[in-house]
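Here is a friendly note to read alongside the structure. Please have the chain in view as you go through the points.

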Amino acid sequence: MTLHRQRCVRHPDREAAARCPACGRFFCRECVTEHEGRLLCAACLRPPDAPADAQRRASVLKRLQAAARAVALAASLLLLWGFYTLFGILLNAVPHRFHDSTAFETLWADGAE
Ligand SMILES: [Zn+2]
Ligand SMILES: [Zn+2]
């Protein structure tokens, strides 16, 4: 299999000038691009880079969203804790007479006087 017997995959009328090491197909000069010292075809040059980049961006976004969710959860827990504490303080502030309903009796008693 000699190189000049091969034709460009994308241009059947042109002789192949290089073989893409990634996919093993033959391409003319116009269809290959040098990338990190290797001649790669356009199809092999783009996909591995683009999805990786998109994936990296997506994973960063996902991590950010997870962090935001964690912060929101912590904030809501803190808020809930604060409310419970406040509620506890309020309940503690209520006089014991209120719970055994003697508070009303004294109120009525006071009103009757
Ligand atoms: Zn290729
Ligand atoms: Zn070509």
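The points below start with the whole chain and then turn to two residues.

1. Some ground rules come first. This is a predicted model, in which local features need pLDDT of at least 70 and side-chain atom pairs count only at pLDDT 80 or more, while totals for chains, interfaces and linings use all residues. Residues are numbered from 1 along each chain as its sequence is written, and chains are lettered from A and ligands numbered from 1 in the order in which they are written.

2. The chain contains 4 helices and 4 strands, and the order along the sequence is β-β-β-β-α-α-α-α. Here helices (H or I, at least four residues) and strands (E, at least two) are DSSP runs, numbered from the N terminus.

3. Of the 113 residues in the chain, 10% are buried. Buried means that 20 or more other C-beta atoms lie within 10 Å of the residue's own; exposed means 12 or fewer, and partly exposed is in between, with C-beta atoms placed from the backbone.

4. Have a look at Cys44, in helix α1 (residues 42-45). Cys44 counts as buried because 21 other C-beta atoms lie within 10 Å. Beyond its neighbours within four places in sequence, Cys44 is in contact with Cys20, Ala22 and Cys23; contact means C-beta atoms, placed from the backbone, within 7 Å.

5. Which way does the phi of Glu36 point, positive or negative? It is positive, about 50 degrees, though Glu36 is not a glycine. Most residues other than glycine have a negative phi. Glu36 sits in the loop between β3 (32-35) and β4 (38-41) and is exposed, with 5 other C-beta atoms within 10 Å.

Methods: Contact = placed C-beta atoms within 7 Å.
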